[in-house]
Amino acid sequence: QVQLVESGGGSVQAGGSLRLSCIASGYLYSYSYMGWFRQAPGQKREAVAGINIGTGSTYYTISVRGRFTISRDSAKNTLYLQMYSLKPEDTAMYYCAAGRRGSTLTWHRFEDYRYWGQGTQVTVSS
């Protein structure tokens, strides 16, 4: 029943921008945290950004802080990741994730999230 569908990925040159979207089934307040993770070939899955749905508190990995912004539009059941000043090292498959409301989790641990989207590819050329 629960679905997360990402979109907005693409290929851009270094310094460019993209906005990723994640449309969730049901209301966002069904979830505790939502987040964006990424995984490049041969690399571990990495937390990029997270948001506490209830409070709006946001969290970022150091490498993207100041360049990426996570936000949600509850009226549209949509999570966003606005990415500026993209770097080749940002190249990865980006996944949207959601933790069930009431669950205890740490925002950057992918093991704590119950629901996942199919991913959207971001490629940044040098």
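The following legends describe close-up views of one predicted protein model. Residues are numbered from 1 along the chain as its sequence is written, and side-chain values use heavy atoms, without hydrogens or water. In this predicted model, local features need pLDDT of at least 70 and side-chain atom pairs count only at pLDDT 80 or more, whereas totals for chains, interfaces and linings use all residues.

**View 1. The chain as a whole is built from strands and has 0 helices.** There are 11 strands; helices (H or I, at least four residues) and strands (E, at least two) are DSSP runs, numbered from the N terminus. The C-alpha atoms fill a box of roughly 40 × 25 × 25 Å along the principal axes. A compact globule of 126 residues would have a radius of gyration near 14 Å, and the 13 Å of this chain agrees with that. The radius is taken over C-alpha atoms, and the globule rule is 2.2 Å times the number of residues to the power 0.38.

**View 2. The largest nonpolar core has 29 residues.** Such a core is a set of buried Ala, Val, Leu, Ile, Met, Phe, Trp, Tyr and Cys residues joined through side-chain atoms within 4.5 Å. Buried means under 20% relative accessible area, exposed over 50%, and partly exposed in between (1.4 Å probe, protein chains only). Leu4, Met34, Trp36, Leu81, Met83 and Tyr94 have the most contacts inside this core. Strands that each supply at least two of its residues include β4 (31-39), β8 (78-83) and β9 (92-100).

**View 3. Met83 touches residues from several parts of the sequence.** Residues up to four places away in sequence are not counted here; among the partners of Met83 are Leu18, Leu20, Phe68, Tyr94 and Val122. Contact means heavy atoms within 4.5 Å.

**View 4. A second, separate core has 7 residues.** Ala47, Ala97, Leu105 and Trp107 are among its members. Across the chain, 44% of the 126 residues count as buried.

**View 5. Thr91 lies in the loop between β8 and β9.** Thr91 counts as partly exposed because its relative accessibility is 22%. Leaving aside neighbours within four places in sequence, Thr91 is in contact with Ala40, Gln121, Val122, Thr123 and Val124. Gln43 is 48 residues from Thr91 along the chain, and their C-alpha atoms are separated by 11 Å.
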